[in-house]
Each structure stands twice: as C-alpha cells, then as structure tokens.
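Q: I would like to learn how to read a few features of a structure. Could we go through them one by one?

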Amino acid sequence: GLQISFADTEAFAGQMIAAQEFKAALCAKVGSCDVVYNAYGNKPKRLPLGREDSSGPDPKGRVPWVGSSVEDFKAAFKKVRLTARELCSLAPALLEDEAKGTEFLMQDKQCAGILKDLARSKETTTRTSYEVTFFDAYNRLVNLARINPKAYD
C-alpha cells in the first residue's frame, strides 16, 4: 500500500475532524441535514499532500508553547503571515479544549473583539464566517510545510 507521511495524516485528519464537527453543528439545527449541508455547508478545500515528516522537533522558542503569552502567539502567527483573526479562529485547538483556548486569547483586547465576532457567527445556522475563517487558517497553517507534489506518484 501507499506509505503516507505522518505529517500528511495529521493535516488531513485534523481537517476531517473539524469538517465532521461543523457538519454535526449544522445538522443539530436543521432538518434534512444532507440536503442543507450539500447546499449551504462550509466544506474544506482539498489539501495538497506531500508533506515530509520532520526528523526532530523545531528549535526551542520557534513555536509558542506552555507558558507563552498571547503576544508570543500573535508574533509567531505574524512571522508566518497569519493574522490575529486566523489565530482566534484556531482558539479551540490551542490548548486542551476550546474554552481554555478562548479564555487565553480573551486576555488580549484585539483577540477579544475578534472572538466575540466569531462567537456571533457560531450562533447562526450556517456559522459561515467562523467556519470559513477556520478552514482558511487551518489550510494556511498546515500548508506552511514544504510539500512535494510528486511524493505519492
């Protein structure tokens, strides 16, 4: 069989988990779930494959970790051309759970405003603003990796 890299498996699985959770959130609000989802659901873009597995961890301090401040996260995202809005859309994945990620980012005035805006979107039936922002941010983040388009030829 095909040997897929762990990096590709992780990127693809993360996207599919989010897509299933987003579909479940929509289905909980409407009847005829598949009809509504196919017409209005926010589906992820196809991820390119070909990420190489890392031979070791990134250098210390390159990626924010436990003990990092909101400013550390914002600076790391800015360094790779991701915005504060994209950071906030990924809040559910920052810490152990969504509430902790959101609470952490709420310490920052700019992030607090963005999170409130995204929360309003989550209250709508299709959650479009939040989900599209999440998928765009997720795709941009996982596509920072060097991708060999011929890896699985």
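**Reading a residue, a helix and a pocket**

A: This is a predicted model. We start with S89, which sits in helix α4, residues 84–89.

Q: Is S89 buried or exposed?
A: Buried means under 20% relative accessible area. S89 has a relative accessible area of 0%, so S89 is buried.

Q: Which backbone oxygen does the side chain of S89 reach?
A: The side chain of S89 reaches the backbone oxygen of E86, at 2.8 Å.

Q: Leaving aside neighbours within four places in sequence, what is S89 in contact with?
A: With those neighbours set aside, S89 is in contact with L118, Y130, T133, F134 and A137.

Q: How should I read the spacing of residues along a helix?
A: An α-helix has 3.6 residues a turn, so residues three or four places apart point the same way.

Q: Which residues of α8 are buried?
A: The buried residues in α8 are Y130, E131, T133, F134, F135, A137, Y138, N139 and V142. They pack against α1 (6–27), α4, α5 (91–94) and α7 (109–122).

Q: What should helix α8 span?
A: Helix α8 covers residues 128–142, and at 1.5 Å a residue its 15 residues should span 21 Å. The end C-alpha atoms are 21 Å apart, which agrees.

Q: What lines the second largest pocket?
A: The lining consists of I4, F12, Q15, M16, P44, K45, R46, L47, P48, L49 and Y152. By type, the lining residues divide into eight nonpolar, one polar and two charged. The space in this second largest pocket is about 170 Å³.

Definitions and conventions. Residues numbered from 1 in each chain as written. Predicted model: local features only at pLDDT ≥ 70, side-chain atom pairs only at ≥ 80, totals over all residues. Heavy atoms only, no water. Helix = DSSP H or I, 4+ residues; strand = E, 2+ residues; numbered from the N terminus. Buried < 20%, exposed > 50% of the residue type's maximum accessible area, 1.4 Å probe, protein only. Polar contact = N/O pair within 3.5 Å; in protein donor to acceptor, adjacent residues only side chain to side chain. Contact = heavy atoms within 4.5 Å. Expected span 1.5 Å × (residues − 1). 1 Å grid on protein atoms, 1.4 Å probe; cavity = no way out; pocket = protein on both sides within 12 Å on 5 of 7 lines; lining within 4 Å. Points joined across faces, edges and corners; volume = space filled by probe spheres on them. Nonpolar A, V, L, I, M, F, W, Y, C, P; charged D, E, K, R; others polar.
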